[in-house]
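Hi there,

Here is the structure I promised to pass on.

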Amino acid sequence: MSKPWWQDKLVYQIYPKSFCDANGDGVGDLAGVLSKLDYLKQLGVDLVWLSPIYRSPFVDQGYDVADYYAIDPAFGSMEQFDQLLAETRRRGMGVVMDLVVNHCSDQHVWFQKALADPTGPYADYFYFRPGKEGGPPSNYRAYFGGSAWEPVPGTDLYYLHSFAKQQPDLNWYNPALREEIFRMVNWWLDKGLAGFRVDAIINIQKQLDFPDYPADGPDGLASIWRMVQDAEGIEAFLGELRDRCFAPHDAFTVGEVFNLKDGQLRQFVGEHGLFSTIFDFAPHMLASGPNGWQTPEEFKFAAWRGAVFAGQAACPADGLLGTIIENHDEPRGSCRFLPAHAQNDAGAKMLGTASLLLRGIPFLYQGQELGMRNCPMDSIEEYDDLETHARYDAALLEGKTPAEALALCQATSRDNARTPMQWNGGPGAGFTTGRPWMRLNPDYPTRNAAAQQTDENSVLRYYQRLIALRKSGEWGEVFSEGSFAPVWDTHPSLFAYRRAFAGRAVLVAANFGAQPVEQPLETPARLLLESTGSPAPLAAALAKGQLALAPCQAAVLAEETLQG
Ligand code: GLC
């Protein structure tokens, strides 16, 4: 079996609206992305994943696509996109786009034609169904709140939307729709795209009789997830997408897939997998308590370590998971996957070490390499994200006070990670010369790329060293191809594992506790990297066959005797 070209790649997610604004209108754009390619190259990025840049009314920030073949003018032109492809290629990098095909925008011509002729062929690109007993066809709650069915004006029909009502679901059971999608995907791949991040894809399978489920909230509705979970058949759709589009182009693909059923992972990743990889969101799921996001759970070290290690153990030997700390839908990792005492730069470096060297394809989200933090807003009006507003309303309906509802939004909002990238300490944080479309995190005067670039001990400079080690000629294969084994996995504060390949082994160890840790080593070990900038105590301990880690210290060690 030859190894896939993307096996040793590192992916960096750009949220285009908030990355870099070159024309001063306050919104990030492709010219801004082009201006930062050298920064990304220096960081060690191989593949740049762009959240959607297609033409869109931006109800859900571009995840509502009105034209799959056009770049939204807010971001620039197709010429600039082609330039981006050329400039990334020149630097030995590639571009991955978001593929949003569970739904499109209600402004898409397909939906407009469907509305104009609700019994015509385009209506069957969507789910148009008659209502029931004077109401919608079933009692589903959309992910963004409210009924998942919206009346089709002038008819007794409703259309289905799993997300916002401006995001009608596409009917994958219609072969004509599938042909349209395959043609579009191939059009982009023919252009030279490296691949796709495939959005919300598990939702394309439906139970076509749309059964009701027992209500699970005070709105009397049941989450649409219930219907999706009991549906079957996604493998056939995704197999066709792979065979008709991805495989012939040898594309890199990563699926946004939640809650796989037992045994299903095998079908999604690995040699004949439906995707190159899928994100491992198990650690993120831990934040949801008994009542989901309404009962957010505090970080618990042992549970988090258990979830990460379980993902590593579950992944088949010929497959890789996408390891990920944060993205545009999640709060910042530096405020989340760390105990309170470690929610600082030292913790960000430690978390980066623990995550980036796992077995898998590492995904970084813009600003993670600066240790960017959540940005709690002062009022609900300040939030842009529609999901945050839906959560606020739902919390009020549950009986929470406005202050409690706002606190929930501050903890869980997707806008935490969507504030503009902090390039320097000047006005607009170097993100824009105009007025940023979303408020800047107030810590930008001190937390920014320019300041960190000149500080040897910064999170950014540490990430550069960490990524360089992951990709180094000497150790790269151990990280990209090596096995994973947990080490000291019942220790109260150590997060440690061994990566091994061809007789060589690396031990990664991080101390998440508030106290120093000492641990005898099984084999003599040599220090490759440590996160605090004060290696002397650790080096002295290693000389005595001991591992000694200060709080928030992470270390990467070459195990000498296992080398062959
Ligand atoms: C995915 C995206 C998210 C979007 C949703 C609907 O979860 O990551 O941002 O709102 O799909 O497209």
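Below is what turned up on a pocket, a helix and the cysteines.

Please keep in mind that this is a predicted model.

Let me start with the second largest pocket, which has a volume of about 600 Å³. Its lining is made up of 29 residues, and those closest to the centre are Pro4, Trp6, Gly270, Glu271 and Ser276. Two helices, α7 (234–249) and α16 (476–481), each supply at least two lining residues, and α7 gives the most, with four.

Next, have a look at helix α13, residues 402–412, where the buried residues are Ala405, Leu406, Leu408, Cys409 and Thr412. These cover an arc of only 155° around the axis, so they sit on the same side of α13. As for what covers the buried residues of α13, β15 (292–296) and α12 (386–397) are included.

Finally, the cysteines. How many disulfides does a search of the whole structure find? The search comes back with zero. Cys335, for instance, is in no disulfide, and its nearest cysteine sulfur, in Cys375, is 10 Å away. Seen from Cys375, the closest cysteine sulfur is that of Cys335, and 10 Å is too far for a bond, given that a disulfide needs the two sulfur atoms within 2.5 Å. Cys375 is also buried, with a relative accessible area of 1%.

Note on methods. Residues are numbered from 1 along each chain as its sequence is written. This is a predicted model: local features need pLDDT of at least 70, side-chain atom pairs count only at pLDDT 80 or more; totals for chains, interfaces and linings use all residues. Side-chain values use heavy atoms; hydrogens and water are left out. On a 1 Å grid over the protein atoms alone, a cavity is a set of points where a 1.4 Å probe fits but cannot get out, and a pocket is an open set with protein on both sides within 12 Å along at least five of seven lines; lining residues have an atom within 4 Å of a point. Grid points are joined across faces, edges and corners, and a volume is the space filled by probe spheres set on the points. Buried means under 20% relative accessible area, exposed over 50%, partly exposed in between (1.4 Å probe, protein chains only). The arc is that of the directions from the helix axis to the C-beta atoms. Contact means heavy atoms within 4.5 Å.
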